[in-house]
Amino acid sequence: MKPLHLDQLRTLVAVVDLGSFDAAAAHLHVTQSAVSQRIRALEDSAGRILVRRDRPVRPTASGEALLRTARQMLHLEEALGHELGGGDDEVAGHVALAVACNADSLATWFLDAMVAVHGSGRVVFDVRREDESLSTELLRRGEVMAAVTSEAHPVQGCRSLALGAMRYLACASPAFVERHLAVGSPASGLGRAPVVDFDRSDGHQSRHYRRLTRRDPTGPRHYVPSSHDHLRAIGAGLGWGLLPEQLAAPGLASGDLVELSPDRPLDVPLYWQHWKLHSPALDALTDAVRDTASAALRPPGRP
């Protein structure tokens, strides 16, 4: 493969992120013809097609592999510019960190790590909210440089760091318990009662019920894709669900929530996976994530 040129790599990233050659041209302040020429030159160098000319533009498998390298090279260029002074441009003087994080971590502890890094330097964040079971896919595609994930095995080109376990408690409102769980065994009642899931990729409720009964719950399901609104929906009696213990604690203390299976919490191990490259901003975020998680999560390997 011929040497890579930063302007071609920057164009590839813009075309994929913005979804079209027109949008990439406007973003890069060049003509559409220049964008097409750069992509063709990059494909000639690679000896293969890198993007599908659809709407939106999508990378091929080869394109995804090159995208990871492109983003890493552009990040290092950006970080070097920052270390050398960054110039007078307020935006250009910042280093951007694209990360993936699940909603419950964002709502409970991850933002504290971001604040710690932002306070120590000129860093901006591009946070992609994604379920912890799916966030490594963003790493594989090169869309983010780090992710909070439930997958321990490192993605190719990444390191994996155990953070600890987020504990979830099965909760419902007292009125919900009276209406749906007052008769029969709590387990059988839970299986038929309404459930509040975060979204369609949220498997916590079904996983918890299978641990209790080895069956899937059959009750009607609500979907509320916001951690705080998920908590409000459960507290309002729409259904039962699993809540992070940090979010559930005030309602349990006040009596607004009831824990349904206090002897069977659900602990979800979390890991921090990040690119294997030396970047002062990414290293600082990794340190902050490790320190913040150690205070907020259950220690790794401890029940």
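1. Helix 1 (residues 6-18) comprises 13 residues and spans 18 Å from its first C-alpha to its last, close to the 18 Å expected at 1.5 Å a residue; the expected span is 1.5 Å times one less than the number of residues. Helices (H or I, at least four residues) and strands (E, at least two) are DSSP runs, numbered from the N terminus. Gly 19, with a positive phi near 90°, follows helix 1.

2. This is a predicted model, in which local features need pLDDT of at least 70 and side-chain atom pairs count only at pLDDT 80 or more, while totals for chains, interfaces and linings use all residues. Residues are numbered from 1 along each chain as its sequence is written, and side-chain values use heavy atoms, with hydrogens and water left out.

3. Buried residues of helix 1 include Leu 9, Leu 12, Val 13 and Val 16, where buried means under 20% relative accessible area (1.4 Å probe, protein chains only).

4. The count of disulfides (cysteine sulfur atoms within 2.5 Å) is zero. Cys 101 is in no disulfide, as the nearest cysteine sulfur, that of Cys 158, is 16 Å away. Cys 101 is buried at 0% relative accessibility, and Cys 158 is buried at 4%.

5. Strand 6 (residues 158-172) has eleven of its 15 residues buried, so it is largely enclosed by the rest of the structure.

6. Strand 6 pairs (at least two DSSP bridges) with strand 11 (residues 266-275) in the antiparallel sense over ten bridges, and Met 166 stands opposite Val 268. Strand 6 also pairs antiparallel with strand 9 (residues 241-244) over four bridges, where Leu 169 stands opposite Leu 243. Two bridges join strand 6 to the antiparallel strand 10 (residues 258-259), with Cys 171 opposite Glu 259.

Technical notes: Buried means under 20% relative accessible area, exposed over 50%, partly exposed in between (1.4 Å probe, protein chains only).
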